[in-house]
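User: I am new to this structure. Please walk me through it, one feature at a time.

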Amino acid sequence: MGVWDAIKVALGFGGAAGGEGGDRNAMYLYVRCTRCKDVVRVRVNLANEPAQEFAEGGDTVIGYTLNKTIVDSKCFRPIPLTIRFDGRRREQGREIEGGEFVTREEYEATVAARTRGGGAGSGESGSGGSETSP
Ligand SMILES: [Zn+2]
């Protein structure tokens, strides 16, 4: 589905130069907490953060698993996530509890809306959400 492609593009997969940080082993994850709707950006170093997985009874690396727990800055609830890669570090799937993966665009839009504090005229008004943050 297209969402995953968008996420991969946002994370710098597919050979496009990301521009963030500049090192090619860095992957950025954008996560939204399902409880407080806060968004978090996390940098992952693909060179050393994912744990190797070996074939049964051998030492052939068949894949990598990244386990990470993200804590947002609003409700501080831990959001554990798992991403699996094959032996060539290509993503095979991802799981998350208590949050959802969003694209960089969604992350930036949320941060921008929060920073502005008003959301004047951007089309989304009267959603009923009470903003109590300063
Ligand atoms: Zn939260």
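User: In which element of the protein is confidence lowest, and in which is it highest?

Analyst: This is a predicted model, so start with confidence. Where pLDDT is low, the predicted coordinates should not be read in detail. Here confidence is lowest in helix α1 (residues 2-10), with a mean of 63. Strand β7 has the highest, at 98. Over residues 14-20 the pLDDT is below 50, and this stretch has 5 contacts in the model beyond near neighbours in sequence. Residues 121-127 also stay under 50. For them the model has 2 contacts beyond four places in sequence. Across the protein, the mean pLDDT is 82, and 71% of residues reach 70 or more.

User: How many helices and strands does the protein have?

Analyst: There are 2 helices and 7 strands. Along the sequence they follow the pattern α-β-β-β-β-β-β-β-α.

User: How do I read a sheet? Which strands make up the open sheet of 3 strands, and in what order?

Analyst: Strands of a sheet pair through backbone hydrogen bonds, either parallel or antiparallel. In this sheet the order is β2-β1-β7, and the pairing is antiparallel. At the edges stand β2 (39-45) and β7 (99-101). Each has a single partner strand, so one side of each is left without a neighbour in the sheet. On average, neighbouring strands are turned by 35° against each other, direction ignored.

User: How many bridges join β1 and β2?

Analyst: They pair over 7 bridges, in the antiparallel sense. In that pairing, Tyr30 stands opposite Arg41 in β2. Helix α2 (residues 104-116) packs on the sheet and touches β1 and β2. The direction of helix α2 makes about 135° with that of β2.

User: Which strands form the open sheet of 4 strands?

Analyst: The order is β3-β4-β5-β6, with antiparallel pairing. Here β3 (51-54) and β6 are the edge strands. Each has a single partner, so one side of each is left without a neighbour in the sheet. From one strand to the next, the twist averages 20°.

User: How do β4 and β5 pair, and how many residues lie between them?

Analyst: Strand β4 (residues 61-71) and strand β5 (residues 78-86) run antiparallel over 9 bridges. Leu66 faces Ile83 in β5. The two strands form a hairpin with 6 residues between them. In the turn, Phe76 has a positive phi of about 60°.

User: What joins β5 to β6?

Analyst: β5 and β6 (residues 91-96) are antiparallel and joined by 5 bridges. Leu81 has Ile96 as its bridge partner in β6, and Thr82 has Glu95. This hairpin has 4 residues between the strands, and Arg89 takes a positive phi near 60°.

User: What share of the residues of the protein counts as buried?

Analyst: Of the 134 residues, 13% count as buried. Residues 24 or more positions apart account for 42% of them.

Conventions. Residues numbered from 1 in each chain as written. Predicted model: local features only at pLDDT ≥ 70, side-chain atom pairs only at ≥ 80, totals over all residues. Pairing = 2+ DSSP bridges. Buried ≥ 20, exposed ≤ 12 C-beta atoms within 10 Å, placed from the backbone. Contact = placed C-beta atoms within 7 Å. Axes fitted to C-alpha atoms, helices over the stretch in contact; angles between N-to-C directions. pLDDT = per-residue confidence, 0-100.
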